[in-house]
Amino acid sequence: MHAAQYEKAGWATIISVILTAVFTGLRVFANLAGMQESMFLLPLLLLLAIAQVWCTIYGILWFKRMLHDLFDFHDVDVLITAIIVMFVAASVFGIVMAGVQTVVDFDHLSKKEAISFMLPILAILFMLVIPAGVLSIMFGVRLLRIPDELNGYKKVMAYTTIVGASLMCTVILAPLGGLVIMVADIFQALILFQAGKQEIELEFV
């Protein structure tokens, strides 16, 4: 019944991973470039961030719908909603920080000014990253309750989610955790693709 939507959600998840990599690469380039050069990248970063957020939310909502339709599994419903809220908040924070980095010349700030500027940013970062990591760990643990192996992808998605989220909770290793979470997203996409094929097969039987 929803085979086409599962496939679209799978592709949306893959696109989200690609956009995350591109966005991160451009942020690094913007940090290395001067203020004038990075200002030209701001509209592109904004568009990439909006597209990435939409693709991620679309993918995970259809993942939840797939769990409902195929397995009547609802153990991750509340967690998915909470993760989406934290993800949107983190994305908004990332967009704001990208804008700040294009207008604030950190090289010309005094040590005291830099510390007073960075402390609130670090506080917000901790308030976003740690709760998001804890929620993702819980999500990964509950994925193991699904009454199906999901073509062999269930455990590997669950464990990569748990490992990636645990690294995120350290804050210092959050970038590495983000890479592991991207791997988990790829497995989510593969599960969605397989769900679409499975539903088509059931319709023909």
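# Why these labels?

Modeller: Start in helix α2, residues 35–71. Tryptophan 54 and tyrosine 58 both sit there, four residues apart, or about one turn of the helix. The model is a predicted one.

Colleague: How many aromatic pairs does a search of the whole structure find?

Modeller: Four aromatic pairs turn up. Tryptophan 54 and tyrosine 58 form an aromatic pair.

Colleague: What makes tryptophan 54 and tyrosine 58 a stacked pair?

Modeller: Two values settle that. A pair of aromatic rings is described by the distance of the centres and the angle of the planes. Tryptophan 54 and tyrosine 58 are 5.1 Å centre to centre. Rings pair if their centres lie within 6.5 Å, so this is a pair. The planes of tryptophan 54 and tyrosine 58 are 15° apart. Stacked means under 30 degrees, so the label is stacked.

Colleague: Why is the pair of tyrosine 153 and phenylalanine 187 called tilted?

Modeller: Their ring centres are 6.0 Å apart. That is within 6.5 Å, so the rings pair. The planes stand at 45°. Stacked needs under 30 degrees and edge-to-face needs over 60, so 45° falls in the rest, called tilted.

Colleague: How do you know that this pair links distant parts of the chain?

Modeller: Tyrosine 153 is in the loop between α4 (111–143) and α5 (154–169). Phenylalanine 187 is in helix α6, residues 174–204. They are 34 residues apart.

Colleague: Why is tryptophan 54 called exposed?

Modeller: Its relative accessibility is 52%. Exposed means over 50%, so tryptophan 54 counts as exposed.

Colleague: What makes tyrosine 153 partly exposed?

Modeller: Its relative accessible area is 22%.

Colleague: Why is phenylalanine 187 called buried?

Modeller: Its relative accessible area is 19%. Buried means under 20%, so phenylalanine 187 is buried.

Colleague: Why is cysteine 55 called buried?

Modeller: Cysteine 55 has a relative accessible area of 8%. That is under 20%, so cysteine 55 is buried. Cysteine 169 stands at 23%. That is between 20% and 50%, so cysteine 169 is partly exposed.

Colleague: What about serine 91: why is it called buried?

Modeller: Serine 91 lies in helix α3. Its relative accessibility is 15%. That is under 20%, so serine 91 counts as buried. Serine 91 touches Gln52 and Val53, leaving out residues up to four places away in sequence.

Colleague: Why is glutamate 149 called partly exposed?

Modeller: Glutamate 149 is in the loop between α4 and α5. Its relative accessibility is 40%. That is between 20% and 50%, so glutamate 149 counts as partly exposed. Apart from neighbours within four places in sequence, glutamate 149 is in contact with Lys154 and Lys155. Glutamate 149 and isoleucine 191 are 42 residues apart in sequence, and 10.0 Å apart from C-alpha to C-alpha.

Colleague: Which residues line the largest cavity?

Modeller: Isoleucine 191 is one of them, as Ile191. Others include Met66, Leu70, Phe71 and Asp148. The elements that give two or more residues to this lining are α2 and α6. α6 gives the most, with four residues. The space in the largest cavity is about 50 Å³.

Colleague: How many cavities reach 30 Å³ or more?

Modeller: The count is one.

Colleague: Which residues lie nearest the centre of the largest pocket?

Modeller: Thr20, Phe87, Ala90, Met168 and Gly178, out of 49 lining residues. The elements giving two or more residues are α1 (3–32), α2, α3 (77–103), α4, α5 and α6. The largest share, 12 residues, comes from α3. The pocket's volume is about 1600 Å³.

Colleague: How does the lining of the largest pocket divide by class?

Modeller: The lining has 33 nonpolar, 14 polar and two charged residues.

Colleague: What does the secondary structure of the chain come to?

Modeller: Six helices and zero strands. Of the chain's 205 residues, 42% count as buried.

Key:
Residues are numbered from 1 along each chain as its sequence is written. This is a predicted model: local features need pLDDT of at least 70, side-chain atom pairs count only at pLDDT 80 or more; totals for chains, interfaces and linings use all residues. Side-chain values use heavy atoms; hydrogens and water are left out. Buried means under 20% relative accessible area, exposed over 50%, partly exposed in between (1.4 Å probe, protein chains only). On a 1 Å grid over the protein atoms alone, a cavity is a set of points where a 1.4 Å probe fits but cannot get out, and a pocket is an open set with protein on both sides within 12 Å along at least five of seven lines; lining residues have an atom within 4 Å of a point. Grid points are joined across faces, edges and corners, and a volume is the space filled by probe spheres set on the points. Ala, Val, Leu, Ile, Met, Phe, Trp, Tyr, Cys and Pro count as nonpolar, Asp, Glu, Lys and Arg as charged, and the others, Gly among them, as polar. Contact means heavy atoms within 4.5 Å.
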